[in-house]
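Keep the sequence and the model in view while reading.

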Amino acid sequence: MSSTADTPRYPLSTRAAALRSSDVRELLKAAQQAHVISLAGGLPAAELFDTEGLRAATQAALAEGAGVAALQYGLTEGQPALRAALRTHEAGRGIDMAGRELLVTTGSQQALDIVARLLLDEGDVVVVQRPSYLAALQTFTLAGARCVGLDEDAEGARVEDLETLALPARPKLVYLVSPFANPSGASLSLRRRQWLLAWAARHQVLVLEDDPYGVLRTEGQELPSLTALAQEVPGARAWCGRTSTLSKAVAPGLRLGWLVLPRPLAEAAARVKQAMDLHTSSFAQEVAARYLESGRLPAHLARVREAYRERRRALCRALTDAFGAALEFDEPEGGMFVWARFTDGTDTRALLPRALDAGMAFVPGDAFYAEGAPRDRLRLSFTTESPERLREGVARLHAAWRAARGG
Ligand SMILES: Cc1ncc(COP(=O)(O)O)c(C=O)c1O
């Protein structure tokens with residue numbers, strides 16, 4: 001927003017003033033118009049929400065004990081029923097809670113904020129992957145940290161570069177999204193996971209894995225999460241934490257995520273959370289607990305994965321048919337995004353207004369870099385549009401691209 005002569009000049013904190021306002025966000029407001037096929041958002045498919053299951057869960061939460069647990073203040077660590085259900089969910093992924101605690105958070109976004117407030121002082125270094133999940137960069141920057149990026153290749157973030165990277169200081173935190181990173185879709189290989197955990201144990205640096213997309217795997221073999229692997233790498237259990245969320249598996253409107261940390265850190269994290277919001281909505285937690293206890297999640301997830309697989313295939317096929325060798329991408333085995341690169345050097349930031357005029361939207365790749373951004377990448381989401389609309393979206397993108405190249 002631009003300030004006018006009438007706008008008071010509020011004395012923003014240095015950190016708040018330094019937060020970049022995103023011009024992409026402004027551009028993408030146009031993507032909300034009904035005629036625009038938007039491949040820009042990172043939203044789950046709304047028509048697949050299990051409304052019936054959530055309605056029943058809400059009724060159950062309000063019926064039990066006249067709904068007192070759902071309506072009263074709750075514990076900072078989370079409602080016991082939801083914590084128990086989430087521990088079971090995590091055990092299904094091979095994660096045990098020995099020496100660890102699980103805290104319920106207001107989305108995994110709050111888990112990132114808690115970890116940032118827990119660990120970071122002005123000037124501290126956080127190692128992230130490049131490109132990065134933007135809201136994590138913002139959270140770490142707001143905490144005063146400096147983010148240093150690891151480049152990615154076919155095996156995910158090049159964690160071995162931790163040995164050679166010219167870091168301004170010893171890192172306090174390594175933050176990685178895996179599998180299916182946002183935006184790149186990259187997944188850290190098993191070899192790199194093991195290497196990173198051994199490094200973290202040796203250097204006593206906390207690794208935080210952010211895993212919102214693992215439940216959306218449709219192909220390929222699931223790798224053990226960093227947190228599960230840390231149980232086998234000597235000394236690593238104490239240096240690995242994890243956050244995940246119900247946003248992609250159930251519904252983001254619940255605003256429910258969780259944070260698993262080694263116990264002493266979890267206890268300090270609960271004190272930080274208490275100062276932030278006392279606790280996450282008891283109402284949402286009780287509804288989610290009843291929902292998870294109802295046993296509907298596996299069938300719901302199977303429906304979501306099936307739809308996403310069909311949509312992703314339609315998008316990838318349409319991209320290959322339309323662009324051929326002009327657009328390079330790897331079809332991911334899950335997640336929500338395709339990350340692509342124009343081999344003819346097309347500047348995707350310049351392409352976006354043309355694509356919007358043609359009636360489609362994407363996110364230009366440079367939005368996901370703090371600095372040194374390549375201009376030829378774009379992120380396409382395949383979750384919210386039907387295969388037909390995805391094909392039409394690609395046709396519109398192709399028309400905009402051809403027009404940009406002069407026909
Ligand atoms: C990598 C990553 N982490 C965290 C989040 C935040 O999710 P939540 O809705 O749980 O706050 C997102 C949301 O898109 C994400 O992509």
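A residue counts as buried when its relative accessible area is under 20%, as exposed when that area is over 50%, and as partly exposed in between. The model shown is predicted.

Begin with helix 7, which covers residues 134-142. Its buried residues are Ala135, Ala136, Leu137, Thr139 and Phe140. What lies over these buried residues? The cover includes helix 6 (107-119), strand 3 (125-130), strand 4 (146-153) and strand 6. Just after helix 7 comes Gly144, which takes a positive phi of about 95 degrees.

The next step is the division of the chain. Domain 1 is made of 16-50 + 299-401, and domain 2 of 68-294. The C-alpha centres of domain 1 and domain 2 are 26 Å apart. Where the two domains meet, 28 residues of domain 1 are in contact with 26 residues of domain 2. Between them, domain 1 and domain 2 bury about 2,500 Å², and 60% of this is on carbon and sulfur atoms. Which residues of domain 1 lose the most area to domain 2? They are Leu19, Glu333 and Phe368, which together account for 23% of what that side buries.

On the side of domain 1 that touches domain 2, the elements giving two or more residues are helix 12 (297-323) and strand 11 (337-342). Helix 12 supplies the largest share of that side, eight residues. By class, the side of domain 1 that touches domain 2 consists of 14 nonpolar, five polar and nine charged residues.

Salt bridges between domain 1 and domain 2 number four. Glu333, already named for the area it loses to domain 2, forms a salt bridge with Arg217, with the closest N and O atoms 3.0 Å apart.

Over the model, the count of salt bridges comes to 39. One of them joins Glu160 and Arg192, whose closest N and O atoms are 3.0 Å apart. This pair links distant parts of the chain, 32 residues apart: Glu160 is in the loop between strand 5 (156-157) and strand 6 (171-177), while Arg192 is in helix 8 (residues 190-203).

Another salt bridge runs from Arg309 to Glu219, with 3.4 Å between the closest N and O atoms. Arg309 lies in helix 12 and Glu219 in the loop between strand 7 (206-210) and helix 9 (226-229), so this pair ties together parts 90 residues apart in sequence. Arg309 has a relative accessibility of 21% and therefore counts as partly exposed. Arg309 and Glu219 also belong to a network of salt bridges that links them with Glu306, Arg312, Arg313 and Glu331.

A last pair is Arg377 and Asp376, whose side chains meet in a salt bridge at 3.1 Å, N to O. Arg377 is partly exposed because its relative accessibility is 23%. Asp376, with a relative accessible area of 13%, is buried.

Note on methods:
Residues are numbered from 1 along each chain as its sequence is written. This is a predicted model: local features need pLDDT of at least 70, side-chain atom pairs count only at pLDDT 80 or more; totals for chains, interfaces and linings use all residues. Side-chain values use heavy atoms; hydrogens and water are left out. Domain bounds come from an automatic or database domain assignment. Contact means heavy atoms within 4.5 Å. Buried area is the accessible area (1.4 Å probe) that two parts lose on being put together, summed over both. Helices (H or I, at least four residues) and strands (E, at least two) are DSSP runs, numbered from the N terminus. Ala, Val, Leu, Ile, Met, Phe, Trp, Tyr, Cys and Pro count as nonpolar, Asp, Glu, Lys and Arg as charged, and the others, Gly among them, as polar. Buried means under 20% relative accessible area, exposed over 50%, partly exposed in between (1.4 Å probe, protein chains only).
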